[in-house]
Amino acid sequence: MASAPANSLPIFYNDLIPLSTVDHADYRTQPVDAAPFLVTQHAVPLTIDEFVSAQRFVPIIFSAGQDSVPLALMGLNEGVNIFVDDEGKLRGPAYVPAYVRRYPWMLAKLRPDSDELSLCFDPTSKAIGTEGDGPVLFENGQPADVTKGILKFCEDFEQAAARTGQFMKDLAEMDLLMDGEVAIQTPNNEQPFVYRGFRMVNEEKLRDLRGDQLRKINQNGLLPLIHAHLFSLQLMREIFEAQVNQGKGPIAVPAAPVAVEA
């Protein structure tokens, strides 16, 4: 169903250049009311800081493979996102992951021999440019308030990503993750539609944790996050039904897995 991105640029990003007071002195942020890049994206990276809010709207799963990451599942099939229309506008109430809200910005290393991060952006995005009357990025050669806010958001995101990485290490050390499988039975098909290719917390192993281990993950805040993930999986059927209602349900032979990759 989902695996961590393998290409050099993160998903959504077509290019990445550092923001410069010289090259982008007259650049502005531009208001946008749609995210066309999200239309065909069914799984989006999620930080643990978002689990509690996200679990009311989307299933929270973990990507397949060794370096699993949390993902907000916005559709069960590849190329399907039930929360946006064909233009990328929200259809209704939804949780928009910080990863999406951060675009086209991100902090990135400009040199491999340095840990310093610089504010960069995707120049192909319509959310930034020289046209329009949006807020300017620089005033008198210095970052404007809007730029300072963007930088703060990106810094907060990186800190949340670091906490998420530690959370994943803790799950791995306790061997709590397992390969997931969800079978959804529909009235018109004898065989269920089966979704695989993702990871989830093994509830049996969670119940069998030693008292000291359970106390530790409760005290360090891991247990509520795990429960948010497990509770959110109940939304799988709702996502499936929404796909069907939008005419985007699976059309493969029902007995065959309909696993997809992100």
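A residue counts as buried when its relative accessible area is under 20%. In this predicted model, Gln 41 comes out at 15%, so Gln 41 is buried. The residue sits in the loop that runs between β2 (28–29) and β3 (43–45). From there, the side chain of Gln 41 gets to the backbone oxygen of Ala 43, at 2.8 Å.

Next comes the nonpolar interior. In general, nonpolar side chains in soluble globular proteins tend to be buried together. Here the largest nonpolar core takes in 59 residues, and the members that touch the most others are Phe 12, Phe 51, Phe 167 and Ile 226. Helix α6 gives the most to this core, namely six residues. Apart from that core there is another one, made of 10 residues, including Leu 119, Phe 138, Ile 150 and Cys 154.

Phe 51 is worth a look of its own. Leaving aside residues up to four places away in sequence, Phe 51 touches Leu 46, Ile 60, Phe 62 and Pro 70, along with Phe 167, Leu 225 and Ala 228.

Helix α3 (residues 145–173) packs with helix α6 (residues 222–232) at an angle of about 85°, and their axes are 12 Å apart. Angles of 65 to 115 degrees count as roughly perpendicular, and α3 and α6 are therefore roughly perpendicular to each other. On the α3 side, the contact is made by Phe 167, Asp 170 and Leu 171, which meet Leu 222, Leu 225 and Ile 226 of α6. Sorted by class, this contact between α3 and α6 has five nonpolar residues, one charged residue and no polar ones.

Terms used. Residues numbered from 1 in each chain as written. Predicted model: local features only at pLDDT ≥ 70, side-chain atom pairs only at ≥ 80, totals over all residues. Heavy atoms only, no water. Axes fitted to C-alpha atoms, helices over the stretch in contact; angles between N-to-C directions. Helix = DSSP H or I, 4+ residues; strand = E, 2+ residues; numbered from the N terminus. Parallel < 35°, antiparallel > 145°, perpendicular 65-115°, else oblique. Contact = heavy atoms within 4.5 Å. Nonpolar A, V, L, I, M, F, W, Y, C, P; charged D, E, K, R; others polar. Buried < 20%, exposed > 50% of the residue type's maximum accessible area, 1.4 Å probe, protein only. Polar contact = N/O pair within 3.5 Å; in protein donor to acceptor, adjacent residues only side chain to side chain. Core = buried A, V, L, I, M, F, W, Y, C linked by side-chain atoms within 4.5 Å.
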